Amino acid sequence: MKSKKSIIDDAVSTLQLEAQAILGLIENINDDFVKIIDLIIESEGRVIVTGIGKSAIIAQKIVATFNSTGTPAIFMHAADAVHGDLGMIKKNDIVICISKSGNTPEIKVLTPLLKQAGNIMIGMVGQLNSDLALQADFILNTFVEKEACPHNLAPTTSTTAQLAMGDALAIALLNARNFNEGDFARFHPGGALGKKLYLKAGDIALKNEKPTIHPSASVKDVIIEISQNRLGAVVVIESNVILGIITDGDIRRMLEKHSNLADIKASDLMNPNPKKVDKEVLAMTALDMIKENNITQLLVTDNGTYFGMIHFHDLLQEGII
């Protein structure tokens, strides 16, 4: 059994080697990289990303990142390509072949077929004198000095370099397309990530009751309204105009100060300057307001009129916190 220090040293060494490999890629970001970005942006087709072994797994991740950031992409396994999957490649598609050595049997069989079909072929490769590098129209050089594997066998540093180069492509393409948060939301409608980008304050308020009280209402009526609607607050309204808000905290503070409640009205309890947000504002912005003002409820308005209320727990339940 290795010592604790030895295990930590192994982990640190691995991370250092992989970090150095990524930094080493910087000098390989050249004119070919720029031309590749331009070609993909101008292309009317998709990006087909292919590879074998661990490079195939990296290819799948790159495809996923491309698709989620506005670049249509498809994964094609290099071994399956020569058994029918070549049929997925269309005339205007651009192919990215990923291989550390560039000389695997599957890649050697695949590259001439791609050339014959006339598709632009980009080689993401670690050996510039390899079959893939010589056949490719453009090269993304992902050369690494050594693998993190002590036997220099298991793909570790090399696949990290491939992954990082794929991310560099994706982000460069994202920025070249002016891909914004709205675009991102369209591709990520599910889960917490999507909600952060499209869910609005009004969407949440619609699910809640609209607790209201007249300014002349008694303390008892205020407490009943707060309790029935389970939002911890009630809005004081007269003639459809928002006058203020009363929270359960206001009730507690009032009870500490007064023993005779008969003459106390809603207007005496309310905060006349409640925090408000328009129904079209993103829920994430509403959350920021709640945090900044150290409150738990926020009024939602529609052109200044009372639309509803959201509670901190609503945002928690939606999963955007």
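Me: Which element gives the most to the lining of the largest pocket?

Reply: This model is predicted: local features need pLDDT of at least 70, side-chain atom pairs count only at pLDDT 80 or more, and totals for chains, interfaces and linings use all residues. Residues are numbered from 1 along each chain as its sequence is written, and side-chain values use heavy atoms, without hydrogens or water. Elements are DSSP runs numbered from the N terminus: helices (H or I, at least four residues) and strands (E, at least two). Giving five residues, the top contributor is α12.

Me: What volume does the largest pocket have?

Reply: A pocket here is an open set of points on a 1 Å grid over the protein atoms alone, where a 1.4 Å probe fits, with protein on both sides within 12 Å along at least five of seven lines; lining residues have an atom within 4 Å of a point. Points are joined across faces, edges and corners, and volume is the space filled by probe spheres set on them. For the largest pocket, that comes to about 280 Å³.

Me: Which residues lie nearest the centre of the largest pocket?

Reply: The lining counts 16 residues. Two or more of them come from each of β8 (241-247), α12 (248-257) and β10 (297-302). Nearest the centre are I245, T247, N271, I295 and Q297.

Me: Which residues of α12 are buried?

Reply: Buried means under 20% relative accessible area, with a 1.4 Å probe and protein chains only; over 50% is exposed, and in between is partly exposed. Contact means heavy atoms within 4.5 Å. The buried residues of α12 pack against α11 (219-229), β8 and α13 (266-269). They are G249, D250, I251 and M254.

Me: Which residues are closest to the centre of the second largest pocket?

Reply: This pocket has a volume of about 200 Å³. Of its 13 lining residues, the closest to the centre are A21, G24, F143, V144 and E145.

Me: Which helix gives the most to the lining of the second largest pocket?

Reply: By class, this lining has five nonpolar, five polar and three charged residues. Ala, Val, Leu, Ile, Met, Phe, Trp, Tyr, Cys and Pro count as nonpolar, Asp, Glu, Lys and Arg as charged, and the others, Gly among them, as polar. With four residues from 4-24, the helix is α1.

Me: Which residue lies over the face of F307?

Reply: F307 sits in strand β11 (residues 305-311). Beyond its neighbours within four places in sequence, F307 contacts several residues, including G202, L206 and V300. A charge sits over a ring if NZ of Lys or CZ of Arg is within 6 Å of the ring centre and within 35 degrees of the ring normal. At 5.8 Å from the ring centre of F307, the residue is K279.

Me: What is the relative accessible area of R230?

Reply: R230 lies in the loop between α11 and β7 (233-238). Its phi is near 55°, a positive value in a residue other than glycine. R230 is exposed, at 73%.
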